[in-house]
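Student: Pick one part of this chain and look at it closely. Then connect that part to the rest, with the cut-offs stated as you go.

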Amino acid sequence: MINASLREGRLPPSQKHTVISPLLKKPGTDADEWKNYRPVSNLTFMSELVERVVANRLVGYLDEHGLMPQLQSAYRRHHSTETALLNVMSDVYASVDRQQVTLLALLDLSAPFDCVDHDVLLRRLFTRFGIKGTALCWISSFLLGRPQRVYYKGQLSAILCLLYGVPQGSALRPILFLLYVSELFGIITECGFAGHAYADDMLVCISTSVSEHTDALRRYSDCIAQTRERLAYNRLKLNEDKTQGPYA
C-alpha cells in the first residue's frame with residue numbers, strides 16, 4: 001500500500017480524514033479559554049506509516065544536497081536545544097574576546113504551523129529545493145483536500161476542509177514547516193545579523209563595538225521590518241507579546 005501511494009504520487013482520501021481532540025496544556029487552567037488547549041490529532045495508522053517513509057526520503061534528499069538550513073535546530077538528527085545553545089554561546093564568547101557587545105533579540109511567531117499557505121509552500125519546494133514530479137504530486141495530495149472535525153465532550157463537530165497549515169500530528173509537519181520559513185535566514189544574513197532557530201522560535205543577534213551600538217539598533221529595526229514584510233507574504237506574523245529584545 002505504501003509503495004502504491006508513492007508510485008502513484010497521491011495519498012488516498014481515506015487516509016486524510018483527521019479527528020482533533022483539544023486537551024488542556026496545563027491542568028487547572030481555565031477550561032473556557034481556548035488558548036489554553038492543545039489540539040491533538042488522531043490520524044490513521046496507514047497514513048502515519050507512509051508519512052514516515054516520505055519524511056525519511058525527504059530528509060535524506062535534503063541532507064545529501066546540503067539543502068537543510070544549517071542554523072535550524074529541532075526536528076533534525078543531531079540538532080537539539082543543546083546544539084542551539086552551544087552555537088549561540090560560542091558566538092557571544094567570541095565577541096567578548098574581540099571586546100565587543102552582542103545585541104540579541106528573540107522572535108516568536110503566532111500559530112505558524114497552522115498558517116502555512118499551501119500554494120506558497122508547494123511553489124517553494126519546487127523552485128528552492130528542486131522537488132518535482134511524482135514527489136511534489138504526493139506532497140500536494142498530502143496537503144490538499146484534508147477533511148477534519150473536532151471531538152469535544154463526547155460530540156463531533158461538522159466536517160471542515162483544511163485550507164491552510166500543515167496537518168497537526170503528522171511526521172511531515174515539522175519538516176515542511178522548516179522548509180517553508182528557511183528563507184528568513186537569508187533576510188537576516190543580508191541585514192548583517194546572525195540567526196538561529198529552534199522550531200518556530202528564532203534568535204537574531206549581532207556583535208558590535210560599544211561605540212557603534214546605536215547604529216546596530218537602527219539596523220536591527222530595519223531587519224525586523226524586512227522580516228515582518230516577508231512573514232506577511234508567507235501569511236505569518238510575529239507574536240508581539242512574546243517577541244523580546246534587543247538585549248545587550
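Tutor: Lys 153 sits in the loop between strand E5 (146-152) and strand E6 (155-156). Helices (H or I, at least four residues) and strands (E, at least two) are DSSP runs, numbered from the N terminus. This is a predicted model: local features need pLDDT of at least 70, side-chain atom pairs count only at pLDDT 80 or more, and totals for chains, interfaces and linings use all residues. Residues are numbered from 1 along each chain as its sequence is written, and side-chain values use heavy atoms, with hydrogens and water left out.

Start with the backbone. The phi of Lys 153 is near 55°, a positive value in a residue other than glycine. Most residues other than glycine have a negative phi. Lys 153 counts as exposed because its relative accessibility is 70%. The classes are buried (under 20% relative accessible area), exposed (over 50%) and partly exposed in between, with a 1.4 Å probe and protein chains only.

Ala 111 has a positive phi too, near 40°. Its place is the loop between strand E4 (101-108) and helix H4. Ala 111 has a relative accessible area of 44%, so it is partly exposed.

Another positive phi, about 60°, belongs to Ala 199. Ala 199 is in the turn of a hairpin formed by E8 and E9, with two residues between the strands. Strands pair here if DSSP finds at least two bridges between them. E8 and E9 (residues 201-208) are antiparallel and share five bridges. Within that pairing, Gly 195 has Val 204 of E9 as its bridge partner. E8 (residues 194-198) also runs parallel to E3 (residues 72-73), joined by two bridges. There, Gln 72 is partnered with Ala 197 of E8.

Phe 177 lies in H6 (residues 173-181). Beyond its neighbours within four places in sequence, Phe 177 is in contact with residues including Ala 199 and Asp 200. Contact means heavy atoms within 4.5 Å. Leu 109, Pro 112, Phe 113 and Val 116 are also among its contacts. The relative accessible area of Phe 177 is 0%, so Phe 177 is buried. Its C-alpha lies 7.4 Å from that of Val 166, 11 residues away along the chain.

Nine of the nine residues of H6 are buried. They include Arg 173 and Tyr 180. The cover over these residues includes helix H2 (45-64), E3, helix H4 (118-127), helix H5 (133-143) and helix H7 (184-190).

Now an exposed loop for contrast. Asp 32 is in the loop between strand E1 (18-24) and strand E2 (37-42). Its relative accessibility is 69%, so Asp 32 counts as exposed. Asp 32 and Ser 209 stand 177 residues apart in sequence, and their C-alpha atoms are 50 Å apart in space.

Next, the cysteines. A disulfide is taken as a pair of cysteine sulfur atoms within 2.5 Å. The count by this rule is zero. Cys 161 is in no disulfide, and the nearest cysteine sulfur, that of Cys 115, is 16 Å away. Cys 161 is partly exposed because its relative accessibility is 43%. Cys 223 is in no disulfide either; the sulfur of Cys 191, the nearest, is 3.7 Å away. With a relative accessible area of 1%, Cys 223 is buried.

Finally, the whole chain. It holds eight helices and 10 strands. Its C-alpha trace spans about 65 × 45 × 30 Å along the principal axes. Of its 248 residues, 42% count as buried. Take the contacts between residues at least 6 apart in sequence: 71% of them join residues at least 24 apart. The chain exposes about 13900 Å², and carbon and sulfur atoms supply 55% of this. Accessible areas come from the Shrake-Rupley method with a 1.4 Å probe; for residues, only the protein chains shown count as cover.
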